[in-house]
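Here's a quick briefing to read with the model open beside you. Take it one topic at a time and find each residue as you go.

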Amino acid sequence: MRIRELAIAGAWEITPKQFPDDRGVFLEAYKASAFKEVIGHSLDLRQANMSVSKAGTVRGIHFADIPPSQAKYVVCPRGAVLDFAVDIRVGSPTFGKWDSVLLDDVNRRAIYVSEGLGHCFVALEDHSTVLYMCSAPYAPGREHGISPLDPQIGLTFPELGRDNQPLELHLSAKDSAAPTLAEASAQGLLPTWDEVQAFIATL
C-alpha cells in the first residue's frame, strides 16, 4: 500500500494495491506494519463504527477531547464519499485549514485522521457505507462538533453526486446547530497543537 501525508499534518491517505481476478478483487485494507512504519505508532483499535448515508448526507465536523481524543481509520466499502480532515488545533501552522480524500468502492482508499483533528464527510451517492476504525470508544460527554458550513473553514462540497445529479446537502439537527470554529475556540472546546503533539508522543 502507498501512504501519503496530506496537507494537514496528522492526516494520511492510504491507497491499497488491488489484486483483481475472475472471482473479483482482493486487497489489504489495513496493514499494521506499513501503518506503524509511516505513522510512527500502531493503531490501537478500540471501536469500529459503520454508517450508511443517502446522497448529500454530511456527517461532521466531529472531534473529541484530548486525551485521548479519537483517531479514525476510515474506508468506504460501498458507494463514495468525499472525506475531510480539518485542522482545529489552536496554534497549528494550518489551523482552520483542511484537506480531502475521495473514498469509494473503486480505488478503495482509506484516510487516517489522527487525534486532535476534526473529521467530516459528504456522501456522493445513496447507500454510501463508511467504516470507521477508532482508537477510542464513543464517549458522549467528550464528543464535540463544528459546523461543516462554517465559512471560515470553507469546506468545498461537490455540486454533483456520483451520478452527475445535483447534490442536496443533508445535515443532522446536531450538526446544523454546531458552533463555528471561532465560537468553539471561544468556548474552550478546541485542542491545542502542543497538547496534541505531547499526547501523540506517548503512543
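Start with Phe35, which sits in helix H1. This is a predicted model, so treat every value here as computed from it. Phe35 has a relative accessible area of 2%, so it counts as buried, the cut-off being under 20%.

- What does Phe35 touch, once you skip residues up to four places away in sequence? The list is Ile3, Tyr30, Gly40, His41, Ser42, Leu43, Tyr73 and Tyr112.
- Take Tyr112 from that list: Phe35 and Tyr112 are 77 residues apart along the chain, yet their C-alpha atoms are separated by 9.6 Å.
- Helix H1 covers residues 32–39 and lies across E1, E2, strand E7 (72–78) and E10. Its direction makes an angle of about 25° with E1.

**The six-stranded sheet**

- Now look at the strands themselves: six of them form an open sheet, in the order E1-E2-E10-E7-E12-E5, and the pairing is antiparallel.
- Which strands stand at the edges? They are strand E1 (2–5) and strand E5 (47–53); each has a single partner strand, so one side of each has no neighbour in the sheet.
- Going from one strand to the next, the twist averages 20°.
- As background, strands of a sheet pair through backbone hydrogen bonds, either parallel or antiparallel.

**The nonpolar cores**

- A handy rule first: in soluble globular proteins, nonpolar side chains tend to be buried together.
- The largest nonpolar core here has 19 residues, and the members touching the most others are Phe84, Val122, Ile146 and Leu155.
- Which elements supply at least two residues each? Strand E6 (58–64), strand E8 (80–86), strand E11 (118–123) and helix H3 (181–186) do.
- E8 gives the largest share of this core, with four residues.
- Apart from this core lies another one, of 17 residues, including Leu103, Leu117, Val130 and Tyr132.
- Back to Ile146: leaving aside neighbours within four places in sequence, its contacts are Gly60, Ile61, Phe63, Ile88, Ile153, Ala178, Pro179, Thr180, Leu181, Ala184 and Leu190.

**Thr57, a buried loop residue**

- Thr57 lies in the loop between E5 and E6. Is it buried or exposed? Thr57 has 12% relative accessibility, so it counts as buried, which takes a value under 20%.
- A polar atom of the Thr57 side chain lies 2.9 Å from the backbone oxygen of Lys54.
- Not counting residues up to four places away in sequence, Thr57 touches Phe121, Val122, Ala123 and His170.

**Cysteines without a bond**

- How many disulfides does the structure hold? The count is zero.
- A disulfide is a covalent bond between the sulfur atoms of two cysteines.
- Cys76 counts as buried because its relative accessibility is 3%. Cys120 counts as buried too, at 0% relative accessibility.

- Gly60 and Ile61 are joined by a cis peptide bond, with omega about 10°. Ile61 lies in strand E6.
- Another cis peptide bond joins Ile66 and Pro67, where omega is about -5°. Pro67 is in the loop between E6 and E7.
- Ser69 is also found in the loop between E6 and E7. Ser69 is not a glycine, yet its phi is positive, near 60°. With 5% relative accessibility, Ser69 counts as buried.
- Arg108, in the loop between strand E9 (98–104) and E10, likewise has a positive phi, near 55°. At 29% relative accessibility, Arg108 counts as partly exposed.

Technical notes. Residues numbered from 1 in each chain as written. Predicted model: local features only at pLDDT ≥ 70, side-chain atom pairs only at ≥ 80, totals over all residues. Heavy atoms only, no water. Core = buried A, V, L, I, M, F, W, Y, C linked by side-chain atoms within 4.5 Å. Buried < 20%, exposed > 50% of the residue type's maximum accessible area, 1.4 Å probe, protein only. Contact = heavy atoms within 4.5 Å. Pairing = 2+ DSSP bridges. Axes fitted to C-alpha atoms, helices over the stretch in contact; angles between N-to-C directions. Polar contact = N/O pair within 3.5 Å; in protein donor to acceptor, adjacent residues only side chain to side chain. Disulfide = S-S within 2.5 Å.
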